[in-house]
Amino acid sequence: MEQPVSVNEKVSFRALLGLKSYRYLIFSQFVSNMGDGVYRLALIWLMKVLTESPLLMAVLLAAETIPLIIFGLFAGVFVDRGNKKMIMVVSHALRAVLILCIVLLFLFNMLHPAVLIIIAVLLTTVSAFFRPALTVAIRTLVPEQYMTQAQSLSQMIQTVVNLAAPALAAGLIVFGMEYAFILNVITYLLGALIILLINEKELVLSTVSEFTARMIMTDLKDGIHAITKHDFLRNCMIYFTILNFLTAPEAILLPLVVANVTELAMLEISFFIGILLGSLCINYLNRYDAIIYICCGISLFSIGIGMFAFGIPLVWQVICVFVNGIGSAFVNIKMSTLITLMVPKEVLGRASSLISVMVLCAMPVSVFLVGLTTGIVSIFTIFGIIGGAGLLIVVLMLLNPHLRMKKEQSYEYTEQKSGGISF
């Protein structure tokens, strides 16, 4: 058990990393995110190589989100009631096995696009249980006054890793597609071993020996209530569902505007450099309500993606994706902090799963529709529609009275200001 942190202790990265169990958790995230970054680029490129079909690429991405929607409704209940540490370890191990299946099928020339889609669906099914477990683990291991730092540090570590991952993926793919997936297998297994080192009784505590339908439904209602009782969260989820519907197709549109995997890797790297810069800048931005920074982030993202409508050359594509990354960091860090602190820890697993379900539910439809219409409507027109609609959402959010007066420190705790970096 970690020693309690004094309220007078400075809120700093050094103090946060002084928590031994949290260091293990963040190192595990570092390792597994490296594999994830390589996998994401390799997966979409593998489907492009196998099919050269925008529609099947859209089906792949749409199918990946379906398990998060279906199982996300129940995964949080199992996480809140079950052994969080074991859920994370088993999730890593199962994903390693599934990625290994891709490697073996590819090497024996037996990898059909339909099989690739099925394996991708199984991978995200397992992820539906891992994500809320990770959220609860962070809330359990990190004192409340450090929560913004923890969210920002997670974002920065993920960003630094993802800066290297696309270049690493492109290099591995040049030597052989299978090497990119083999690396992901290794990182998942190593991530599982690191999580086993975490020593925190609350993470291995299981509050129920048997799950019943009645108990699951009751827990789901509690999770829904934890979200809907907050006007801010309830309204944000509506807007973010619409935004995800609009922005989801970017993942299949970007590979269609580049000439090769190296250019795609350049866009990925630029995006994550933007996230890194945004993650650093947001540390100094606490003067105004959180919604101001969230809307600023959405605006930057919308402008960046909307610029693709003008058929810009590669150098401008890199710049626009960089702007996307800055906006994404603003939105993700502010919203993650608000959600983690506004929802009681005992229902955080199911509440975070439900939030993911609500936000993701429109994505499969969006991606599939874009895949169908790419042969009818210009890709550049789609970029323009996405950018313009995103800016319209920003205007609606700023006019909504329920989204005002929501600073991180105003409802759960008061941050301890220090001379160094503080959030």
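Residues are numbered from 1 along each chain as its sequence is written, and side-chain values use heavy atoms, leaving out hydrogens and water. Because the model is predicted, local features need pLDDT of at least 70 and side-chain atom pairs count only at pLDDT 80 or more, while totals for chains, interfaces and linings use all residues.

Helix 2 (residues 20-51) packs against helix 8 (residues 177-196) at an angle of about 160 degrees, and their axes are 8 Å apart. Here an axis is a line fitted to C-alpha atoms over the stretch in contact, and angles run from 0 to 180 degrees between N-to-C directions. Helix 2 and helix 8 are therefore roughly antiparallel to each other, a label given to angles over 145 degrees. Their crossing is left-handed, meaning that the near helix is turned anticlockwise from the far one by less than a right angle.

Helix 8 has another partner to look at. The axes of helix 5 (residues 84-107) and helix 8 come within 8 Å and cross at roughly 165 degrees. Helix 5 and helix 8 are therefore roughly antiparallel as well, and this crossing is also left-handed.

Helix 13 passes helix 15 in a right-handed crossing, for which the turn is clockwise. Isoleucine 269 lies in helix 13 and, at 24% relative accessibility, counts as partly exposed. In this scheme, buried means under 20% relative accessible area, exposed over 50%, and partly exposed in between, with a 1.4 Å probe and protein chains only. The C-alpha atoms of isoleucine 269 and glycine 325 are separated by 9.8 Å, although the two residues are 56 apart along the chain.

Turning to the surface, Leu100, Leu104, Leu107, Phe108 and Met110 form a nonpolar patch with about 520 Å² of accessible area together. Such areas come from the Shrake-Rupley method with a 1.4 Å probe. A patch takes residues with over 30% relative accessible area and no salt bridge, joining nonpolar side chains (Val, Leu, Ile, Met, Phe, Trp, Tyr) within 5 Å and like charges within 9 Å. A salt bridge is a side-chain nitrogen of Lys or Arg within 4 Å of a carboxyl oxygen of Asp or Glu. Leucine 104 sits in helix 5 and is partly exposed at 43%.

Asparagine 109 is in the loop between helix 5 and helix 6 (113-141), and is exposed, with a relative accessible area of 73%. Most residues other than glycine have a negative phi. Asparagine 109, however, has a positive phi of about 55 degrees although it is not a glycine.

Two more pairs link separate parts of the chain. Leucine 50, in helix 2, is partly exposed at 35%, and its C-alpha atom is 8.8 Å from that of leucine 111, 61 residues apart along the chain. Valine 357, in helix 16 (residues 348-360), counts as buried at 9%, and its C-alpha atom is 9.2 Å from that of threonine 65, 292 residues apart along the chain.

Definitions and conventions. Helices (H or I, at least four residues) and strands (E, at least two) are DSSP runs, numbered from the N terminus. Angles under 35 degrees count as roughly parallel, over 145 as roughly antiparallel, 65 to 115 as roughly perpendicular and the rest as oblique.
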